[in-house]
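Student: Hey, I've got a structure open and could use a hand reading it. Can we go through it together?

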Amino acid sequence: MRAAVYHAIKDVRLEDVAVPAAKPGKVKVNVKVAGICGSDLHAYHHGIGVQTGAPHPLSGAMAPLTLGHEFSGVVAEVGEGVVGIQPGDRVAIEPIMYCGKCASCRTGLYNQCEKMGFVGLNDDGGFAEYVLVEPYMVHKLPDSVSFEEGALVEPTAVAMHAVRQSKLKVGDSAAVFGVGPIGLLTILGAKSAGASKVYAIDVSDERLALAEKLGAIPINSLRQNAAEVIVAAGGVHVAYEAAGVQATIASALTAVKRGGEVMVIAAFAQPAQLNMLELMAKEASIASILAYRHIFPEIIALIADGKLDVKRVITKQIDLEQIVEDGLELLVKDKSQAKILVRIP
Ligand SMILES: [Zn+2]
Ligand SMILES: [Zn+2]
C-alpha cells in the first residue's frame with residue numbers, strides 16, 4: 001500500500017509499505033480522508049513532535065513512520081477480542097495513545113498521560129491506506145457525517161476543548177488570535193457556545209475573509225493594532241491564542257477585560273514573555289489546553305445535527321501522492337490555506 005513516511009526533517013517519502021496485519025485486540029482501518037495539521041508541519045519542517053531516536057513506550061514505534069493523525073475511514077478487520085466494532089463501520093479516529101494506568105489516566109485525564117503519544121507522530125498514522133489502532137480510539141460516524149467531516153473531528157476537538165475549558169459564557173465576547181484551521185474552528189466553537197461577538201486576528205486577508213464568513217469581526221494585525229481596536233471597543237471576556245508567538249500572546253493579554261482570560265491553544269516553539277503586572281492589574285488569568293479528552297462523541301453529534309459546519313475550514317483537497325508539494329510545502333508558502341484534506345485511494 002502507499003504511505004507518506006517520515007524519515008527525517010524535510011524528508012517525507014511516498015512509499016510502498018506492507019499492509020499491516022490484523023492483530024488481537026486491534027482494529028484495522030481503511031483510511032478514506034486525512035487532514036494535514038500544524039503538527040505535521042512541525043514534524044516535516046523541524047522534526048518536532050515526531051518519534052525519533054528511541055521507540056515510543058506505548059507503541060514501540062519510531063521513525064521512519066507514517067504521519068497522519070486526523071482521519072476517518074471504514075473498519076476493515078477487527079482483531080480477536082475486540083467487541084462492539086464491526087468491519088464496515090464508518091469511523092473517526094481519536095489518535096491519543098495512553099497507558100490507562102498512570103495517575104492521570106486513572107482520573108480520566110488521559111490527554112495528560114505520562115506516556116501520552118499520537119497515532120501518526122508516535123506510531124504509524126493515517127496517511128496510508130490502512131492503519132492499526134486501539135479499540136478505544138474508534139468512534140462511529142452516523143451516515144449523515146461524511147468522511148471529510150470525520151477527518152475534521154480531531155482538530156475540532158482541540159478547538160472545542162479549549163472553548164469548554166475557558167471561562168466563556170453565553171453572551172460573552174471573545175477574540176481568536178491566529179485563524180488557521182484551529183483558530184477558525186475556535187470561532188465556530190465560541191459562536192456555538194453563545195459568544196455575542198468574536199474578533200478574528202491574523203495577517204492573511206484570505207484567512208480573515210474565511211473567519212468573517214464564520215461570523216467573526218476580522219482585524220488584520222499588519223494594518224491595525226488588534227489589541228488597541230479591541231480595547232477601544234471594551235475588551236473581550238476571553239482571548240484564544242491560536243498563533244503561538246510572542247506578539248499574539250502579548251496582544252491577547254492586552255485585549256482581555258478586567259477579570260478576563262487568555263486561553264492558550266497553540267504550541268509555542270519559543271518561550272514567551274508576559275507582562276505580569278498587566279495580568280495582575282486586571283486580575284486576568286491564563287489557561288491552556290493540551291489536545292482534548294472525552295469530546296469526540298459530542299462533536300460527532302453536533303456535526304450530525306448540522307450544528308457545527310466544520311467543512312467551512314477546508315480550503316483544498318489533494319491526493320495522497322501530492323502530499324509533500326501540495327500539502328506540507330504549500331501550507332507554509334501559501335498563507336491563504338487553512339485545512340487541506342488528503343484523499344486516500
Ligand atoms: Zn492535529
Ligand atoms: Zn497514563
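Predicted model: local features only at pLDDT ≥ 70, side-chain atom pairs only at ≥ 80, totals over all residues.

Student: Ok, at what angle do the axes of α4 and α10 cross?

Tutor: Roughly 105 degrees, and the axes of α4 (residues 153-165) and α10 (residues 296-304) come within 10 Å. Helices here are DSSP runs of H or I with at least four residues, strands are E runs of at least two, and both are numbered from the N terminus.

Student: And what do we call that?

Tutor: The two helices are therefore roughly perpendicular to each other; that label covers 65 to 115 degrees, with under 35 roughly parallel, over 145 roughly antiparallel and the rest oblique.

Student: Which residues of α4 meet α10?

Tutor: Val153, Glu154, Thr156, Ala157, Met160 and Arg164. Contact means heavy atoms within 4.5 Å. The contact of α4 with α10 has eight nonpolar, one polar and three charged residues. Ala, Val, Leu, Ile, Met, Phe, Trp, Tyr, Cys and Pro count as nonpolar, Asp, Glu, Lys and Arg as charged, and the others, Gly among them, as polar.

Student: How about α1 and α11, at what angle do they cross?

Tutor: The axes of α1 (residues 38-46) and α11 (residues 324-333) cross at roughly 95 degrees and come within 10 Å. That makes α1 roughly perpendicular to α11. Among the residues in this contact are Tyr44 and His45 of α1 and Leu328 of α11. By class, the contact of α1 with α11 has six nonpolar, one polar and two charged residues.

Student: New topic: which peptide bond is cis?

Tutor: The one from Ala63 to Pro64, with omega near 5 degrees. Pro64 sits in the loop between α1 and β4 (65-66).

Student: And what's phi of Glu283?

Tutor: Near 50 degrees, a positive value in a residue other than glycine. Glu283 is in the loop between α9 (276-281) and β16 (285-288).

Student: Last one: how much of residues 7-342 is helix, and how much strand?

Tutor: Over that stretch the chain is 28% helix and 26% strand, and the end C-alpha atoms are 20 Å apart.

Definitions and conventions:
Residues numbered from 1 in each chain as written. Chains lettered and ligands numbered in written order. Heavy atoms only, no water. Axes fitted to C-alpha atoms, helices over the stretch in contact; angles between N-to-C directions.
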